[in-house]
Amino acid sequence: MAEILARGIDRYLESLLPARGEVLAAMEREAKRRDIPVVGPQVGRLLASLAAATGARRVFELGSAIGYSTLWICLGAHPKAKIHYTDRSEAFAEEARVYIDRAGFADRVKFHVTPDAVDALSVVPGQFDLVFNDIDKEGYPRAFRAAVARLRPGGVYVADNCLWSGRVTDGRARDEATLALREHNRLAMADERLVGSILPIRDGVFVGTRIL
Ligand SMILES: C[S@@+](CC[C@H](N)C(=O)[O-])C[C@H]1O[C@@H](n2cnc3c(N)ncnc32)[C@H](O)[C@@H]1O
């Protein structure tokens, strides 16, 4: 992934990160070894912080892989939180179950193995304090529409990879993922129900709070 921030700034931010716990550290090593695109500790800490700030009891995650972002959310969420994990890969879900169990959060995570995380969201009733979107980028506009409709007032929508290694700014980039991300970012920034911004950490993260 191309860096969004100047290399020195990125290194500085990395240098400030405290060591992660044993399970997160093991997941980071595994993600690096197998090239699994996890959010990493900067965005992980942001997710934990937002889960804590919203006192999150109900969280829906679209695209969870080995459960790295899920675990960060668990760390910030309310002790009685229910966090909905989704992924189309049964193998990833199996790995995630083991990590989440090892970290002591097995009772807080509900696993959905599904070909379409947005469909899974539509069948879980109720409102959410936090929805995190990290599925295939082609699906972002649809996921955004589904997610925002399900946030409680004061609830937060987060989406990873919004700057897509800078490709969203390259007028020649016309591939489906880049077009979908541009559409997603336009929708997210223009939606009057939300107030938010794209933070240029890692690959760009949209964070928006539901105000209407
Ligand atoms: C970027 S990875 C998620 C990483 C995870 N959020 C983390 O940071 O630890 C995206 C995951 O979403 C899954 N995925 C992509 N599109 C999906 C969809 N429409 N429905 C369900 N799973 C999807 C993929 O199998 C992949 O494991």
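1. A quick definition to start: two strands pair if DSSP finds at least two bridges between them. Helices (H or I, at least four residues) and strands (E, at least two) are DSSP runs, numbered from the N terminus. With that in hand, Val195 stands opposite Thr209 in E7.

2. Please keep in mind that this is a predicted model, in which local features need pLDDT of at least 70 and side-chain atom pairs count only at pLDDT 80 or more, while totals for chains, interfaces and linings use all residues. Residues are numbered from 1 along each chain as its sequence is written, and side-chain values use heavy atoms, with hydrogens and water left out.

3. Now the overall sheet. Seven strands form an open sheet with mixed pairing, in the order E3-E2-E1-E4-E5-E7-E6. E3 and strand E6 (194–199) are the edge strands, each pairing on one side only. On average, neighbouring strands of this sheet are turned by 15° against each other, direction ignored; the axes behind such angles are lines fitted to C-alpha atoms, for helices over the stretch in contact, and angles run from 0 to 180 degrees between N-to-C directions.

4. Strand E2 (residues 82–87) and strand E3 (residues 109–113) run parallel and are joined by five bridges; Asp87 stands opposite Val113 in E3. Together with helix H5 (residues 90–102), E2 and E3 make a right-handed β-α-β unit. Right-handed means that, with the strands pointing away from the viewer, the path from the first strand over the helix to the second runs clockwise.

5. Strand E4 (residues 128–133) pairs with strand E5 (residues 151–159) in the parallel sense over five bridges. In this pairing Leu130 stands opposite Val156, and Val131 stands opposite Tyr157. The chain crosses from E4 through H7 to E5 in a right-handed β-α-β crossover.

6. The antiparallel part involves E7. Four bridges join E5 to E7, and Ala159 stands opposite Phe206 in E7. E6 and E7 pair in the antiparallel sense over six bridges. Their hairpin has five residues between the strands, and Arg202 in it takes a positive phi near 45°.

7. Which residues are closest to the ligand? Of the 19 residues that surround the ligand, the closest are Val39, Gly63, Ser69, Asp87 and Asp134; a residue counts as near if one of its heavy atoms lies within 4 Å.

8. A ligand nitrogen atom is 2.9 Å from a polar backbone atom of Gly63. For a polar backbone atom of Ala117, the distance from a ligand nitrogen atom is 2.9 Å, and for one of Asp136 it is 3.1 Å. Taken alone, the ligand exposes 610 Å², of which the protein buries 91%; accessible areas come from the Shrake-Rupley method with a 1.4 Å probe.

Technical notes: A polar contact is a pair of N or O atoms within 3.5 Å; within protein, one must be able to donate a hydrogen and the other to accept it, and residues adjacent in sequence count only if both atoms are side-chain atoms.
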